[in-house]
Every structure is written in C-alpha cells, then in structure tokens.
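Let's take a friendly walk through this fold, starting with the chain as a whole and then moving on to its sheet and helices.

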Amino acid sequence: MYILTTKHHFDSAHFLKGYDGKCSNIHGHRWFIEVSVQSEALIEDGCKRGMLVDFHTLKDDLKKECDHFDHKLIMEEGSLKEATEKALEDEGFAMLRLPYRPTSENIAKYFYDYMTECGYQVKEVTCFETPENRATYTE
C-alpha cells in the first residue's frame, strides 16, 4: 500500500454552544489539516508515472477547502441568536455556518468526506486544533 500525506492550515475562531468550559467562549486556533491518501498501485504511464497522485494536485485540493474556512467564525447553525448573527454580518464579519458542532472530530470527518468527494482514496484525516491536540477520522 502506498500512502501520501500532506498538510495545510487555516486560522479561524469557533465556540461550542452549551459546552461546560472555556470552549463555550469564542476563541481562535491555527488549525492544521493533515490528509493521507492511499493506493495499491501507482500511475503507470505519462508524466505522473510512478506516482500515487501528483503532490501538487493533492495540496491544491486541500488548500482550496482550507481557504474556505480561513479567517471565519466557524459555528453550528442556530448556535447564535438571529439578531446576533445579523449584527455580526452588518459589521462585515465572515461566518461559516455548519450543520454540526465545530469540534476537531467533526472537522476531521468533514475534510475526510471532502477529499473523498474530490476522488481520493482517503486513508485518514487529522485535524490539529493545537500542536498538542488533534482528532483523526478514518473509516
């Protein structure tokens, strides 16, 4: 089995509504997303011969989605009052509303699903919330 791994990052804030602790407050992270893809075989011909996938393409696909999260307030849909969301929008703040709680675990699964939809055979995705704390999703 051949495995390639790449990593990209984004900066954003989040909070966990209803959490009993500090993470219920808005706070920021430099999130790192590490994606490993796998294959039993390598490309057999052409300019990519001997590769599982072109690293450049893999990195670009991951970066594209990381850029979608960058410098936004990531939050679960319905976790703020409508008036609060409106006030933030009126001030020009960028928000990303997700249908799930924005935990490292859920974000790892989101990127797993995204990279799978891009056509990769994903082995696992790890979401680093801090250098010491990470969540990994695999099937």
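Accessible areas here come from the Shrake-Rupley method with a 1.4 Å probe. On that basis, the protein chain of this predicted model exposes about 8400 Å² of surface, and carbon and sulfur atoms account for 48% of that area. Among the 139 residues of the chain, 37% count as buried.

**The chain as a whole**

A box of roughly 55 × 30 × 25 Å, taken along the principal axes, holds the C-alpha atoms of the protein chain. Looking at contacts with a separation of 6 or more, 62% of them join residues 24 or more positions apart.

**Order along the sequence**

What does the secondary structure of the protein chain come to? There are three helices and six strands, and reading along the sequence gives the pattern β-β-α-β-α-β-α-β-β.

**The sheet**

The six strands form an open sheet with mixed pairing, in the order β4-β3-β1-β2-β5-β6. Which strands stand at the edges of this sheet? They are β4 (95-98) and β6 (134-137); each has a single partner strand, so one side of each is left without a neighbour in the sheet. From one strand to the next, the twist averages 30°.

Two helices pack on this sheet. Helix α1 (residues 55-69) touches β1, β2, β3 and β4, and its direction makes about 15° with that of β1. Helix α2 (residues 82-90) touches β3 and β4, and its direction makes about 145° with that of β4.

**How β1 pairs**

As a reminder, strands of a sheet pair through backbone hydrogen bonds, either parallel or antiparallel. Strand β1 (residues 2-14) pairs with β2 in the antiparallel sense and with β3 in the parallel sense. The table sets out these two pairings.

| Strand pair | Sense | Bridges |
|---|---|---|
| β1 (residues 2-14) and β2 (residues 27-39) | antiparallel | 13 bridges |
| β1 and β3 (residues 73-76) | parallel | two bridges |

Tyr2 has Ser39 of β2 as its bridge partner, while His14 has Ile74 of β3 as its bridge partner.

Terms used:
Residues are numbered from 1 along each chain as its sequence is written. This is a predicted model: local features need pLDDT of at least 70, side-chain atom pairs count only at pLDDT 80 or more; totals for chains, interfaces and linings use all residues. Side-chain values use heavy atoms; hydrogens and water are left out. Helices (H or I, at least four residues) and strands (E, at least two) are DSSP runs, numbered from the N terminus. Buried means under 20% relative accessible area, exposed over 50%, partly exposed in between (1.4 Å probe, protein chains only). Contact means heavy atoms within 4.5 Å. Two strands pair if DSSP finds at least two bridges between them. Axes are lines fitted to C-alpha atoms, for helices over the stretch in contact, and angles run from 0 to 180 degrees between N-to-C directions.
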